[in-house]
Amino acid sequence: MSTQVFYFVATLSIIFSLMVIFAKNPIHSVLYLILTFFTFTVHYVLLNAQFLAVVNFIVYMGAIMVLFLFVLMLLNLNNETEPSKSPLIKIVGVIAGGCLMVTLIGSLKATTISSPLILKNPGLGLVENLGKELFGPFLLPFELSSLLLLAAMVGAVLLSKRDEVEA
């Protein structure tokens, strides 16, 4: 059952990633990228890496993709404003695409279908184990990084604060 789900989600990942490349509208391309990241989240859940799934869902799908959508909407891309590409750029693109195709075909010929991996440690990838590592031997670097992020937030607030003009 889980191998069938894995192959189904892997097929969806490939289809959505190809749609990112071949979509004519950049907004549709970003939406397909969100779907691709969602299939990656499903892969992380299937691999018993819940923390990576949640971080992928929140950070990539929630923040970065929304930022991409806002930027694309603010740019107001039109076909009239797009510069024309020279024939040399098109030839280089075709050569690069051919090299990528040869590499993909060669790697697909070298792969074999194997049985699914069974983990020796079923607790691998769980948030509980990550918490034990972060708050155990890596407590000092974890706290130092939180202080660094706090200093960056305070600095951003101070830089964005306008000076009040005294009357």
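## Packing of H2 and H3

Helix H2 (residues 26–46) packs with helix H3 (residues 50–75) at an angle of about 175°, and their axes are 9 Å apart. Axes here are lines fitted to C-alpha atoms, for helices over the stretch in contact, with angles running from 0 to 180 degrees between N-to-C directions. H2 and H3 are therefore roughly antiparallel to each other (angles under 35 degrees count as roughly parallel, over 145 as roughly antiparallel, 65 to 115 as roughly perpendicular and the rest as oblique). On the H2 side the contact includes Pro26, Ile27, Val30, Phe37 and Phe40, and on the H3 side it includes Leu52, Asn56, Tyr60 and Met65; contact means heavy atoms within 4.5 Å. The residues of this contact divide into 21 nonpolar, 2 polar and no charged (Ala, Val, Leu, Ile, Met, Phe, Trp, Tyr, Cys and Pro count as nonpolar; Asp, Glu, Lys and Arg as charged; the others, Gly among them, as polar).

## Basis of the model

This is a predicted model, in which local features need pLDDT of at least 70, side-chain atom pairs count only at pLDDT 80 or more, and totals for chains, interfaces and linings use all residues. Residues are numbered from 1 along each chain as its sequence is written, and side-chain values use heavy atoms, with hydrogens and water left out.

## Helix H2

Helices are DSSP runs (H or I, at least four residues), numbered from the N terminus. At 1.5 Å a residue, the 21 residues of H2 should span 30 Å, and the end C-alpha atoms of H2 are 30 Å apart, which agrees; the expected span is 1.5 Å times one less than the number of residues. Just after H2, Asn48 has a positive phi of about 65°.

Among the buried residues of H2 are Ser29, Val30, Thr36 and His43 (buried means under 20% relative accessible area, exposed over 50%, partly exposed in between, with a 1.4 Å probe and protein chains only). The buried residues of H2 pack against H1 and H3.

Ser13 lies in helix H1 (residues 2–22) and is buried, with a relative accessible area of 8%. Leaving aside residues up to four places away in sequence, Ser13 touches Thr36, Thr39, Phe40 and His43.

Rings of Phe, Tyr and Trp (its six-membered ring) pair if their centres lie within 6.5 Å; planes under 30 degrees apart count as stacked, over 60 as edge-to-face and the rest as tilted. The count by this rule is 5 aromatic pairs. The rings of Phe16 and Tyr32 have centres 6.4 Å apart and planes at 20°, so this pair is stacked. Phe16 lies in helix H1 and Tyr32 in helix H2, so the pair ties together parts that are 16 residues apart in sequence. Phe16 counts as buried at 18% relative accessibility, whereas Tyr32 counts as partly exposed at 25%. Phe37, Phe40 and Tyr60 form one aromatic cluster.

How values were computed
Helices (H or I, at least four residues) and strands (E, at least two) are DSSP runs, numbered from the N terminus.
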